[in-house]
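Welcome! Take a moment to look over the structure below, and then let us walk through it together.

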Amino acid sequence: MSKNVDAIVIGGGIHGCSTALHLCLAGLKPVLIEKDYAGRHASGVNAGGVRQLARHIPEIPLSIRSMAIWEKISELVDDDCSFESYGQVLVAENEDELAVCRTRVAELNALGFTHEELIDAAELRRLVPAVAETCPGGVISRRDGAANPAQTTTAFRRKAEQSGATVREGVAATNIRHRDGLWHVDVGSESFAAPVLVNAAGAWAGKIAADLGEPVPVETVAPMLMITSRVPHFIDPVVILRGRKLSFKQFKNGTVLIGGGHLATPYQDRNETVLDWKSLATSAQTVFELFPVMRSATIVRAWAGIEAKMKDDIPVFGPSSRHKGLYHQFGFSLHGFQLGPGAGAVMAELIVSGGTQTRVSDLGIDRFHPSTH
Amino acid sequence: MTVAPRREDYDVVVIGAGPAGLAAAATSAEAGLSTLLLDENIGPGGQVFRAISSTPVTERDQLGADYWVGADLVQTLRASNAEVIQRATVWSLDRNLEIAVSIGGASAFIKAKRVILATGALERPFPIPGWTLPGVMTAGAAQTMLKSSAMVPDGRTVIAGQGPLLWLLAAQILRLGGRIDRILDTTERGNYFAALPHAFAFLTSPYFAKGLSMMREVKAKVQVVSGLTELAAAGDGQLASVSYVAGGKRETIPADLLLLHQGVVPNVNLAMAAGIEHRWDDLQLCWSPVLDASGNSSVAGIAIAGDGAGIGGANAAVVRGRIAARAAVEALAPASAAKLPATATLRAELAKAERGRLFLDTLFRPAPQFRIPSDDTIVCRCEEVTAKDVLDSVAIGATGPNQLKAYRRTGMGPCQGRLCGLTVTELMAQARGKTPQEIGYYRLRAPVKPITLAELAAVPKSEADVKAVVRG
């Protein structure tokens with residue numbers, strides 16, 4: 001006998017937790033199902049970048065919507081999520097890269113987006129004094145920042161539960177089926193039924209979509225990160241490079257997080273990743289060159305989170321193109337953390353009102369199935 | 001001088017040159033397998049045979065006959081073709097048997113067909129009030145100083161805790177002319193009764209006679225207080241006194257040095273980071289790897305020998321090292337295995353070496369109040385997290401050690417949980433009414449020992465990445 005709820009959300013990452021919370025705020029009673037625990041994978045172990053900077057144009061409206069929520073995150077989840085806003089800076093290492101930056105900012109301005117701002121060498125040096133002097137400038141998004149990803153995802157999960165969501169962790173959702181207008185899902189010995197099903201299962205979402213007849217070009221990846229011991233404070237904004245794979249962030253406690261998208265080998269069925277130290281060495285070398293102050297810091301730990309990457313690097317977000325009541329929210333392709341709060345709010349609007357003021361139409365799953373309608 | 005590994009690939013890489021590693025490497029090399037032994041210390045021996053080739057303590061009786069057994073193991077190894085590199089810190093091992101090792105400030109990557117982990121034991125955390133004060137140290141640290149430098153305490157010294165190593169250390173300190181003012185024995189009274197059914201095996205084991213004579217030797221010279229139910233260190237920025245309750249009576253004594261010890265537990269960091277399955281051992285109260293009879297772990301090609309496979313002591317470690325190496329030889333060069341002692345012979349030796357262990361484990365199972373702290377007692381030294389902090393986090397939703405990181409950063413400091421992991425697991429298990437197995441342990445990641453950014457930056461890169469950088 002299935003328990004009837006208003007919505008079934010599969011996946012306890014920041015997206016699933018945020019959607020569950022926003023459904024509660026809209027007066028619905030969802031169940032959130034997570035096979036491990038909330039924030040176990042990409043949502044809990046990513047770099048924590050809260051970034052509008054350098055995003056693909058189709059997802060910028062969602063990112064801007066999300067940014068407004070981040071700036072009042074405590075009001076939403078009763079937790080500051082360690083969010084801090086010192087901007088994110090994209091560094092151009094040479095004139096060619098700066099030219100690309102200039103074109104990009106002009107393109108955004110023409111579309112009416114003003115969050116990215118071109119900066120010269122002097123402003124770059126003011127913002128990031130430790131950066132190598134050869135860098136001619138870059139781009140800044142001043143409202144951007146970073147948060148603690150595990151703390152954030154945990155806070156969304158907790159607030160969702162407090163607001164009325166039923167949370168099931170440690171048991172996978174299985175036997176997903178649509179019958180008599182309702183979605184049915186088994187969770188261990190329990191079953192839930194609801195008119196709405198949200199597929200927010202991260203690296204596991206592609207299979208759910210495919211099993212429901214909506215295969216998409218998605219792969220499982222595991223971007224690596226490493227963190228250093230505490231070093232004296234020397235940088236406030238998050239720094240990313242235009243030309244090389246590097247992102248860089250110093251926390252309040254002095255530790256420095258080094259990322260940038262080098263990939264580990266994921267073993268998805270075992271929840272495991274095997275790190276590629278030779279690629280991490282490339283990141284270390286880049287930091288060594290750009291931030292001499294970091295050379296004697298020690299690497300304390302490295303890891304990788306398992307997540308879904310779409311072929312076109314843009315998430316799958318919105319209603320199914322085949323099934324009534326099915327919604328997809330996955331494939332955030334290494335940049336989904338910042339979108340989480342806003343995506344949950346928009347998803348709740350799509351579910352409750354059937355529409356949203358935030359432009360997300362370019363993110364739909366129908367882009368892969370042009371002929372199904 | 002820096003000695004890098006001579007090759008990029010080995011048949012067998014043994015990690016750790018304590019009793020298990022010495023025996024494993026010698027066995028593997030004797031059978032003709034290309035064998036590399038990597039060890040973190042300046043000389044072979046591990047903790048039990050520390051400084052076996054260099055100790056300034058020459059009077060054999062002072063360190064005891066068991067210590068000098070190590071010299072034979074080292075000699076056998078040196079007579080073999082095994083390549084041995086000291087001061088080599090393995091900081092990564094993965095399920096593809098790729099090993100990253102730091103030697104003299106430079107890192108190298110090597111690959112093995114088989115890996116034998118012999119990373120030994122760590123002292124169990126002893127989280128009492130004041131355990132982080134300067135002047136409080138582990139007995140193991142004191143023993144390291146004693147063996148490497150013949151240094152013994154000369155201030156007012158209190159030794160507290162339990163277990164065979166505690167008595168051995170006390171005897172060694174006294175023989176070298178060191179000072180011990182009092183020994184505070186934390187063995188639970190009830191444990192004597194619980195251990196009784198295992199007493200026969202113990203009485204007929206080599207531990208018994210040696211242990212008894214050592215305790216007699218120590219008790220003749222030092223006041224021993226038994227049956228402690230409470231223990232705390234106090235002082236303003238430096239240890240000044242130790243207070244305890246025994247037989248319902250509280251006493252406080254001045255002290256300059258407090259040595260704490262309540263047994264050892266497997267050093268699991270490298271094994272766990274490699275993805276090897278571990279289970280909670282409810283008798284030894286620690287995580288032990290899941291192994292078959294030859295020491296093979298859940299990761300194909302990686303075996304574990306010695307105390308890292310579950311505490312068994314030095315004699316058992318030597319045999320487990322030989323068993324694991326024999327299994328490697330059988331897998332890689334079956335024809336050579338005939339030259340080695342038969343598996344059945346080795347298993348019989350192991351059974352003999354492990355005789356009496358059950359008695360010791362039961363008798364010296366540490367009492368809950370010395371494992372599971374409360375209130376303001378520090379649990380995680382790296383991030384200064386107290387027992388109350390952990391319990392507060394549990395109250396608002398932290399379910400296990402990995403989830404706790406989101407609240408308190410426990411285990412995220414440079415020690416990677418070595419000093420707090422067991423405490424956090426047991427504390428959370430108690431608070432949530434679950435077993436430690438259900439609560440779990442930190443997910444451990446490389447580097448299991450920190451390396452500098454400069455060292456990592458200097459390692460050879462993969463071709464694909466070099467190209468990616470050139471392309472920009």
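## Before we start

Two strands count as paired if DSSP finds at least two bridges between them. Please keep in mind that this is a predicted model.

## A sheet in chain A

With that in hand, look at the end of one sheet. Val316(A) stands opposite Phe330(A) in β23(A), and Phe317(A) has Gln329(A) of β23(A) as its bridge partner. These residues belong to an antiparallel pairing of four bridges between strand β22 (residues 316-319) and strand β23 (residues 326-330) of chain A. The two strands make a hairpin with six residues between them. In its turn, Gly325(A) has a positive phi of about 85 degrees.

## The domains of chain A

How is chain A divided into domains? The assignment gives domain 1 (3-69 + 149-217 + 312-368) and domain 2 (85-144 + 219-309). Their C-alpha centres lie 27 Å apart. Where they touch, domain 1 of chain A contributes 24 residues and domain 2 of chain A contributes 28 residues.

On the domain 1 side of this contact, α2 (42-45), β4 (49-50), α3 (60-70) and α8 (205-211) of chain A each supply at least two residues. The largest share comes from α3(A), with three residues. By class, the side of domain 1 of chain A that touches domain 2 has 14 nonpolar, eight polar and two charged residues.

## Where the chains meet

The contact between the chains takes 34 residues from chain A and 31 residues from chain B. On the chain A side, the elements giving two or more residues are α7 (149-162), β19 (272-274), α9 (277-290) and β20 (298-304). Which of them gives the most? That is α9(A), with ten residues. The chain A side divides into 16 nonpolar, twelve polar and six charged residues.

Strand pairing also links the chains: two bridges join β20(A) to strand β22 (residues 451-452) of chain B, and these strands run antiparallel. Here Ile299(A) stands opposite Ile451(B) in β22(B).

## Inside chain B

For chain B, the assignment gives domain 1 (9-122 + 265-340), domain 2 (125-262) and domain 3 (372-439). The centres of domain 1 and domain 3 of chain B, taken over C-alpha atoms, are separated by 31 Å. Their contact takes six residues from domain 1 of chain B and six residues from domain 3 of chain B. The domain 1 side has four nonpolar, one polar and one charged residues.

Finally, find helix α15 (residues 387-395) and helix α16 (residues 401-408) of chain B, whose axes come within 10 Å and cross at roughly 105 degrees. The two helices are therefore roughly perpendicular to each other. Asp389(B), Val390(B) and Ser393(B) of α15(B) make the contact with Leu404(B), Tyr407(B) and Arg408(B) of α16(B). These contact residues divide into three nonpolar, one polar and two charged.

Methods. Residues numbered from 1 in each chain as written. Chains lettered and ligands numbered in written order. Predicted model: local features only at pLDDT ≥ 70, side-chain atom pairs only at ≥ 80, totals over all residues. Axes fitted to C-alpha atoms, helices over the stretch in contact; angles between N-to-C directions. Parallel < 35°, antiparallel > 145°, perpendicular 65-115°, else oblique. Contact = placed C-beta atoms within 7 Å. Nonpolar A, V, L, I, M, F, W, Y, C, P; charged D, E, K, R; others polar. Domains from an automatic or database assignment.
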